[in-house]
Amino acid sequence: MKKVGVFVCHCGTNIAQTVNCEQLAEAAKTLPGVAYSTEYKYMCSDPGQTMIKKAIEEHNLDRVVVAACSPRMHEATFRKCVNGAGLNPYLLEIANIREQCSWVHSDKTKATAKAEDLIRMAVAKALKNEKLTPSVIPIHKRALVIGGGIAGIQAALDIADTGYQVDLVEREPSIGGKMAQIDKTFPTMDCSACILTPKMVDAAQHPNITIIAYSEVEKVEGYVGNFDVTIRRKATCVDPVKCTGCGLCSQKCPSKTDSEFECNMSQRPAIYSPFPQAIPNKPVIDQEACRYFKTGKCKICQKICASDAVNFEDQDELVTIRYGAIVVATGYSLYDYNQYGEYGYGQYPDVISGLDFERLVNASGPTMGKIKRPSDGQEPKTVVFIKCVGSRDANRGHDYCSRACCMYTAKHATMVRDKIKDSQAVVFYMDIRTPGKNYEEFYLRAVEEYGVTYVRGRVSRIYMESGNLIVQGEDTILGTQILVVADMVVLATAMEAQPDAAEFARKIGITFDQNNFFNEAHPKLRPVETFSAGIYLAGACQGPKDIPDSVAQAGAAAAKVVALLSKDEMATEPIVAEVNTNHCSGCGFCVPVCPYKAISLKTLTERVHGSVAWGPAGKEITRQVAEVNKGLCQGCGACTVNCRSGALDLLGFTNEQILAEVDSL
Amino acid sequence: MTMDNGQWTMDNEMQRQQGTSVRLDSVGKDWDPKILVFACQYCTYAGADLAGLSRLQYPTTTRVIRVPCSGRTNPQFVIRAFQKGFDGVLVAGCHPGDCHFSTGNYFTRRRYLLMTRLMEFVGMDPRRFRVCWISGSEGPKFQQVVTELTDAIRPLGPNHKLRDTELSSLVGGIGR
Ligand SMILES: Cc1cc2nc3c(=O)[nH]c(=O)nc-3n(C[C@H](O)[C@H](O)[C@H](O)COP(=O)(O)OP(=O)(O)OC[C@H]3O[C@@H](n4cnc5c(N)ncnc54)[C@H](O)[C@@H]3O)c2cc1C
């Protein structure tokens, strides 16, 4: 005989003022299975919990129902409490008589009657509760960081510093991300390379970090603590062990193509490193640009390589490595302003993006740091900046604010005024958003010290007239139309999700929002976790972010990874789906329903006992049945509804338990 | 069937008197239909808790069963609720796109389109059954949905269609 104890909480007067708690406790005694019942002012308090524990011992209770506040409030507390008295924590049920009863009703008779029902339901369910034990899964002590921008580099360094092994996978030939392309950084104006490249070197030399560049994640299987990740190492055609990184091959290479790193404003050879401080500092052959791969003739690089490192036979290679945790730091991409007809659909060479501008002012960029406009190489005297191109524009771009543009535009305008004598910098803006330490001051300096002109209003059109760019806009403060004759226009284009973000997210099993940025588990309280245990986010892949925020988030993600890896094993929530293989028909309908790919079919070999439909007694048969991976299952129960043979059930919320609740009423 | 300012039109009242054998006092103007809510624990259950925190009042004849995800709600549970004499059933979960389990509520949506058809097929008024999305921050919406559902079912009278026969005489089994 099961013996349920019912404990009714007054919650001070929170419950007691609309529910007659004494009456409840009395009524509970009459419910089937209830062996003991009582009430108390504060069940969650120390004396309250002691009372429960004592009653469990004295009355040999094997099920406990606490009628109190929401289970979302104190289920964990009371589970711990009954466990303290030797009961399995999952033998506890909560009747929510506060949030869902005393607080939402005022008629005491009706509220008390309802509370009685809620207890009746909880008791009915508790009677069907079974002991559940968390399963234990091992934690593999190696971390994977995907994406080698500033966020990925920082996360890798922080994890590695605590002693764990980290692999940093970057799809480009070098780590560094967008920050490597940026010239100076707001709000301090220190040179981006000066603060980034030392970190890149630290990562390369760190004994616990392995940089896997020019590679992409192909497949992720497994679950927290045990991810089996297949990585595609793209063929570089250069043996990284033999190559000394002397760079002679790049100098002599006769094939040239646009340089992505220089925003297509200059050319690079087919055998190349994206930039001089690249890490790893070994070139790769871009097979699409390489003359040998296109025509079968050339091999100049191979001939001149003193260390015999060039290997045209190199093939892509797939490696599968096990990781305990994953940090996703794949960054962002930029809005393509060619979609803006009124800004010339990208046909005016002197209308450029902010990132193009970064390369134009960079001392190692295509113009050696002299600001020269792309069309004729002249120094522009009047430079117009337009903010919110693709941001805060639901029609053509995105609803959201890209966060970094107000600041980098102020930075760019300052640089124009600083570097070009007698220049004019005009910024068209919708709002100026500078929430960050020393950010407002930075913007004010641009206006007050550098004399940048800020015009509040949108630019409606850019057009050419006698060789000049005419920027037509509105000054909404003065309420007038204005025309600016500009030598160059810089567009602050929106930061947006990587073009392959959705596909990537599906591949590794995380979710993404309406803008394809990856979803954090909670926007405020779990900003670096994803819904998939063991996978964390850092940097702009989660949403537009500047460098300080990316670095902070990377540190937070690293702390989560380290907390996980520091355990040898972890307990998993026992509320998972379970298959009754006797009932399972192996139809496989449950397999595609599971969002976590936790269900697969396995073959079962068994000897038939007695005569059954599918074979005579004693015969050995093999059949397919569903199998649930407890590490992957998150306990949503979608599969149970889909199961045609009724073989799947969700522990903790079984069909029997839920129906018992319904039936009790 | 219409309701004006909370007053039942005469034909409603008459219809109820003629069409059923229910005791009149239990289906009067202040008769509240019994509603069972299957609430996903991440969104709607939290929304119901928030309604509590905000002290938003709704009919005492509402009962909530917590499920991990709206996608856990087996249509069998809904049918059983009607068999056990509930007058209306609500399945509620996270808004599309917000499911804690990423896709559970999409299954709910698809499944319950079919469920509504099944209701029509067996001759139940499909208005007795609703699926909706209530997030953890939508306490007022929880209040509004259960109140509206209660109001919408009141003119339909008690559910006699799927109710187990031995229960037919026990109108108002809950909220006694
Ligand atoms: C014009 C401009 C100027 C800016 N100026 C400043 C400034 O002055 N100060 C400031 O604080 N911020 C500035 N920012 C913002 C800054 O660029 C970002 O905050 C920062 O780069 C975000 O870093 P990240 O590592 O998240 O992303 P990224 O820099 O985008 O790095 C992501 C990395 O992941 C790699 N990757 C992507 N997908 C995959 C994949 N599937 N597999 C493997 N690798 C992958 C990419 O190749 C890249 O190396 C500026 C931005 C712009 C556009």
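A residue counts as buried here if 20 or more other C-beta atoms lie within 10 Å of its own, and as exposed if 12 or fewer do. The model is predicted.

**Exercise 1.** Find the buried residues of helix α14 (residues 501–508) of chain A and determine how they are arranged about the axis.

*Solution.*
1. The burial criterion picks out A:A501, A:F504, A:A505 and A:I508.
2. In an α-helix there are 3.6 residues a turn, so residues three or four places apart point the same way.
3. Viewed down the axis of α14(A), the buried residues fall within an arc of 100°, so they line one face of the helix.
4. On the face turned away from that buried side are the exposed residues A:E503 and A:R506.
5. The packing partners of the buried residues are β11 (215–223), β28 (495–497) and β29 (535–537) of chain A.
6. After α14(A) comes A:G509, with a positive phi near 85°.

**Exercise 2.** Give the strand order of the open sheet of 4 strands in chain B, and state which strands stand at its edges.

*Solution.*
1. The order is β4-β3-β5-β6 (chain B), with parallel pairing.
2. β4 (62–67) and β6 (129–133) of chain B each have a single partner strand, so one side of each is left without a neighbour in the sheet.
3. On average, neighbouring strands of this sheet are turned by 20° against each other, direction ignored.
4. Strand β3 (residues 35–40) of chain B is joined to β4(B) by 6 bridges; B:L36 stands opposite B:R63 in β4(B).
5. Helix α3 (residues 75–83) of chain B packs on the sheet and touches β3, β5 (88–93) and β6 of chain B. The direction of this helix makes about 150° with that of β5(B).

Definitions and conventions. Residues are numbered from 1 along each chain as its sequence is written. Chains are lettered from A and ligands numbered from 1 in the order in which they are written. This is a predicted model: local features need pLDDT of at least 70, side-chain atom pairs count only at pLDDT 80 or more; totals for chains, interfaces and linings use all residues. Two strands pair if DSSP finds at least two bridges between them. Helices (H or I, at least four residues) and strands (E, at least two) are DSSP runs, numbered from the N terminus. Axes are lines fitted to C-alpha atoms, for helices over the stretch in contact, and angles run from 0 to 180 degrees between N-to-C directions. Two residues are in contact if their C-beta atoms, placed from the backbone, lie within 7 Å. The arc is that of the directions from the helix axis to the C-beta atoms.
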